[in-house]
Amino acid sequence: MSLYQLQKLVYHVNRDPSYRESYRQNPAGFVKSYELSAEEEAAVVNVDVRKLYTLGVHSLLLRPFTLLHKISNEDYAKALAGLE
Amino acid sequence: MPIVFACAASHAPGMTAWTEAAPKEQADRFLRGYRKLGERLAAAKPDTLVMITVEHWANFFLNHMPAFCIGRADHYDGPVEEWLRIPKSRVPGDPQLSAALLDACLDGGFDPTFSDELLFDHATMLPLHFLNPNLAVPVVPVIINTLTTPMPTPKRCFALGQFLGRELARSEKRVALVATGGLSHWPGEAKHGKINVSFDQKFLETLKSRDQRD
């Protein structure tokens, strides 16, 4: 587990336009700049909302990250269904 | 000089980002109320607007998370969110009042951090959009960590609020005070979109009755 690094990646993409651009151009390469497990890398590259949530990414990091990917409120809720 | 205006209001980003998601009549009524507050604020002719709000990973991360931070910049840019449907703007600051507040806090038993560069997110830009739409009144931001544990206790936040109220009432400036946040909500969590009506009603009743026991 490297939750700190995973959240740092999401924070950088959400908040810094230069990081965001690098991430958008090459997500698979971008994740290599952080100390992540293979599972965490895959969750970022695939924008796997449910996996990122269960890995422990803070909800107020995760929701803005998914908004950058234009994931609607309905699809976000669907991804987290049953986790309440 | 007594504080010339004070209010508490929601900063939920859906108000501008997803306005159409609410029934039109309800959205119109709510936003009319928000703009009416803005008219009352303008009528009070404040020199400075002190805004108490919360961190949302706009400025701070887990490498350094202050309990309280007072902005001391001469301007602030925002919003950071691309999707908020509020134009990017530069908001004037009031570094003189910020510095005076920081000195008063440190003398008075509070130890906020300070920052000469803060970005504003929806927590500040959305209320400003309705309350101070021309960004004519300079802003002093007071940011609280209600985001991630450990965070300041409600008792400590209440004490800081009382302290700031006393200090601002002694200022030579005409100060308006706006506190923003939300009632029950779980943004981004699995309960996203739900509210707890009975908690909200109890909270509002407690606020109205000025009951300080809890």
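How many of the 13 residues of α6(B) are buried? In this predicted model, the number is 0, so α6(B) lies largely in the open. A residue would need 20 or more other C-beta atoms within 10 Å of its own to count as buried. The helix covers residues 197-209 of chain B and reaches 18 Å from its first C-alpha to its last. That span is close to the 18 Å expected at 1.5 Å a residue. Just after α6(B), B:Arg210 takes a positive phi of about 55°.

Along its principal axes, the C-alpha trace of chain A spans about 35 × 25 × 20 Å. Of the 84 residues, 30% count as buried. Among the contacts in chain A between residues at least 6 apart in sequence, 61% join residues at least 24 apart.

The two chains also meet one another: 20 residues of chain A are in contact with 17 residues of chain B. On the side of chain A that touches chain B, the elements giving two or more residues are α1 (3-15), α6 (59-68) and α7 (73-79) of chain A. The largest share, 7 residues, comes from α6(A). By residue type, this side of chain A divides into 11 nonpolar, 5 polar and 4 charged residues.

How values were computed. Residues numbered from 1 in each chain as written. Chains lettered and ligands numbered in written order. Predicted model: local features only at pLDDT ≥ 70, side-chain atom pairs only at ≥ 80, totals over all residues. Contact = placed C-beta atoms within 7 Å. Helix = DSSP H or I, 4+ residues; strand = E, 2+ residues; numbered from the N terminus. Nonpolar A, V, L, I, M, F, W, Y, C, P; charged D, E, K, R; others polar. Expected span 1.5 Å × (residues − 1). Buried ≥ 20, exposed ≤ 12 C-beta atoms within 10 Å, placed from the backbone.
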